[in-house]
Amino acid sequence: MGSNVKNEKEMLSKGGCPKTMLSIRDALEAVDGRWKLLILFSLSEGPKRFKQIAREVNGITDKTLSKALKSLEVNQLIIREVFDTFPPAVQYTITEHGMSLEKVLDELHYWGLAHRKKIIGK
């Protein structure tokens with residue numbers, strides 16, 4: 001693990017190769033925007049219906065949530081299941097591929113705490 005941290009620090013301080021830039025762009029396109037990582041974080045606790053996600057991801061509109069869920073599904077980060085009930089019930093579940101972002105979310109959490117402390121002092 002120590003060598004990975006060293007390599008990551010070197011990547012930032014020395015610049016990366018074009019392949020690195022491409023992989024970062026691909027990753028950002030999959031989780032771009034203000035809401036997708038928060039949606040994935042919500043779903044990491046277990047499958048949820050649309051309104052449950054909307055309540056947990058405070059401030060997101062239904063239209064934006066719908067668009068983000070479709071994008072996450074296209075990127076195979078979540079699965080949308082429709083149940084044959086009346087009215088039809090829809091449930092969203094994070095995939096194993098989506099769960100692979102767990103370390104990214106952890107690092108963003110810790111960086112966000114440090115950033116808040118540096119900028120706000122709290």
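Predicted model: local features only at pLDDT ≥ 70, side-chain atom pairs only at ≥ 80, totals over all residues.

Trainee: In which order do the elements of the protein chain run from the N terminus on?

Mentor: The protein chain holds seven helices and two strands. Read from the N terminus on, these elements of the protein chain follow the order α-α-α-α-α-β-β-α-α.

Trainee: How are helix 2 and helix 3 oriented to each other, roughly parallel or roughly perpendicular?

Mentor: Helix 2, residues 18-31, packs on helix 3, residues 36-43, with their axes 8 Å apart and at an angle of about 70°. Angles of 65 to 115 degrees count as roughly perpendicular. Helix 2 is therefore, relative to helix 3, roughly perpendicular.

Trainee: Which residues of helix 3 meet helix 2, and how many charged residues does that contact have?

Mentor: From helix 2 come Glu29, Ala30 and Val31, and they meet Lys36, Leu37 and Leu40 in helix 3. Sorted by class, the contact of helix 2 with helix 3 has four nonpolar residues and no polar ones, while the number of charged residues is two.

Trainee: What is the orientation of helix 3 relative to helix 5, and how many nonpolar residues does their contact have?

Mentor: Helix 3 and helix 5 pack with their axes 10 Å apart, at an angle of about 75°, which means that helix 3 is roughly perpendicular to helix 5. On the side of helix 3 the residues are Lys36, Ile39 and Leu40, and they meet Leu65, Ala68, Leu69, Ser71 and Leu72 in helix 5. By class, the contact of helix 3 with helix 5 has one charged residue, one polar residue and, as for the nonpolar residues, six.

Trainee: Is helix 3 mostly covered or mostly open, and which of its residues are buried?

Mentor: Six of the eight residues of helix 3 are buried, and helix 3 is thus mostly covered. The elements that the buried residues of helix 3 pack against are helix 2, helix 4, helix 5, strand 1, strand 2 and helix 7. Those buried residues of helix 3 are Lys36, Leu37, Ile39, Leu40, Ser42 and Leu43.

Trainee: Does Leu38 count as buried, partly exposed or exposed?

Mentor: Leu38 has its place in helix 3, and its C-alpha atom is separated by 8.9 Å from that of Glu56, 18 residues apart along the chain. Buried means under 20% relative accessible area and exposed means over 50%. Because its relative accessibility is 43%, Leu38 counts as partly exposed.

Trainee: What is the relative accessible area of Leu72, and what is that of Leu77?

Mentor: Leu72 lies in helix 5, whereas Leu77 lies in the loop between helix 5 and strand 1. Leu72 touches residues including Ala30, Ile39 and Leu77, and Leu77 in turn touches, among them, Val31, Leu40, Ile94 and Leu101. Both are buried, Leu72 with a relative accessible area of 0% and Leu77 with one of 3%.

Trainee: What is the phi of Gln76, and is Gln76 buried or exposed?

Mentor: Gln76 is found in the loop between helix 5 and strand 1, and although Gln76 is not a glycine, its phi is positive, at about 60°. Because its relative accessibility is 57%, Gln76 counts as exposed.

Trainee: Which residues does the cis peptide bond join?

Mentor: The place to look is the loop between strand 1, residues 78-83, and strand 2, residues 89-94, where Pro87 lies. With omega about -10°, the cis peptide bond joins Phe86 and Pro87.

Technical notes:
Residues numbered from 1 in each chain as written. Heavy atoms only, no water. Helix = DSSP H or I, 4+ residues; strand = E, 2+ residues; numbered from the N terminus. Axes fitted to C-alpha atoms, helices over the stretch in contact; angles between N-to-C directions. Parallel < 35°, antiparallel > 145°, perpendicular 65-115°, else oblique. Contact = heavy atoms within 4.5 Å. Nonpolar A, V, L, I, M, F, W, Y, C, P; charged D, E, K, R; others polar. Buried < 20%, exposed > 50% of the residue type's maximum accessible area, 1.4 Å probe, protein only. Lists of a residue's contacts leave out its neighbours within four places in sequence.
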